[in-house]
Amino acid sequence: MIKEIIVVEGKDDTAAIKRAVEADTIETGGSAIGEAVLKRVELAKERRGVIIFTDPDHAGERIRRIVAQRVPGCKHAFLPEEEAMYKGDIGVENATPEAIRKALANVRTEQLAGEGGSVEVGWEDLIEAGLIVHPQASERREVIGKLLGIGYANGKTFFKRCVSFRITKTEFNEARRKMEQQLEQERG
């Protein structure tokens with residue numbers, strides 16, 4: 001049984017989670033998250049902890065942002081887009097139990113401001129790695145986001161995730177090395 005309560009978008013996501021693991025969920029009911037749902041998430045965070053596990057699409061990222069802003073310090077699980085896709089539909093409900101277990105095994109904890117030491121990965125590291133201001137920046141962020149377990153995001157959000165999840169320089173450089181190898185293999 002997973003101790004934390006998992007925040008998902010809807011009942012189909014809850015069903016997929018329950019096929020994979022024994023856990024309790026809170027459903028947001030989509031992107032129009034009501035005050036009552038946010039209060040339940042706050043209580044869950046206080047009592048048991050929360051894992052935000054939303055779809056890897058624009059709406060899912062919006063929900064993740066809303067919940068994380070309202071309830072700081074949540075844990076986050078990310079599902080790669082290709083593991084959430086079925087017949088053109090993207091969502092946690094489409095993932096296999098194995099993909100869900102993997103995402104939950106690689107949960108990242110968001111650090112609150114003032115916690116921990118200094119930020120190790122800087123904006124210049126993202127530029128140097130070709131994750132921003134680069135012709136293939138989007139593709140590169142997608143690959144390294146999977147490797148780091150923080151999901152795909154635009155440049156600004158990717159940087160915020162590196163900071164809030166306290167990605168170390170060592171972690172980042174190792175993921176960057178693997179990303180370069182993977183992209184080189186794909187180019188052939």
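Reply: By class, the lining of the largest pocket splits into 11 charged, 10 nonpolar and 7 polar residues (Ala, Val, Leu, Ile, Met, Phe, Trp, Tyr, Cys and Pro count as nonpolar, Asp, Glu, Lys and Arg as charged, and the others, Gly among them, as polar). Keep in mind that this is a predicted model, where local features need pLDDT of at least 70, side-chain atom pairs count only at pLDDT 80 or more, and totals for chains, interfaces and linings use all residues. Residues are numbered from 1 along each chain as its sequence is written, and side-chain values use heavy atoms, with hydrogens and water left out.

In total, 28 residues line this pocket, and Pro56, Phe78, Leu79, Gly151 and Tyr152 lie nearest its centre. The elements giving two or more residues to that lining are helices H3 (58–70), H4 (97–105), H6 (137–148) and H7 (155–164), and H6 gives the most, with 5 residues.

Now for the loop residue. Threonine 54 sits in the loop between strand S3 (50–52) and H3. It counts as buried because its relative accessibility is 1% (buried means under 20% relative accessible area, with a 1.4 Å probe and protein chains only). The threonine 54 side chain reaches the backbone oxygen of glycine 60 at 2.9 Å. That side chain also makes a polar contact with the side chain of arginine 64, at 3.4 Å (a pair of N or O atoms within 3.5 Å, where one must be able to donate a hydrogen and the other to accept it).

Technical notes
1 Å grid on protein atoms, 1.4 Å probe; cavity = no way out; pocket = protein on both sides within 12 Å on 5 of 7 lines; lining within 4 Å. Helix = DSSP H or I, 4+ residues; strand = E, 2+ residues; numbered from the N terminus. Buried < 20%, exposed > 50% of the residue type's maximum accessible area, 1.4 Å probe, protein only.
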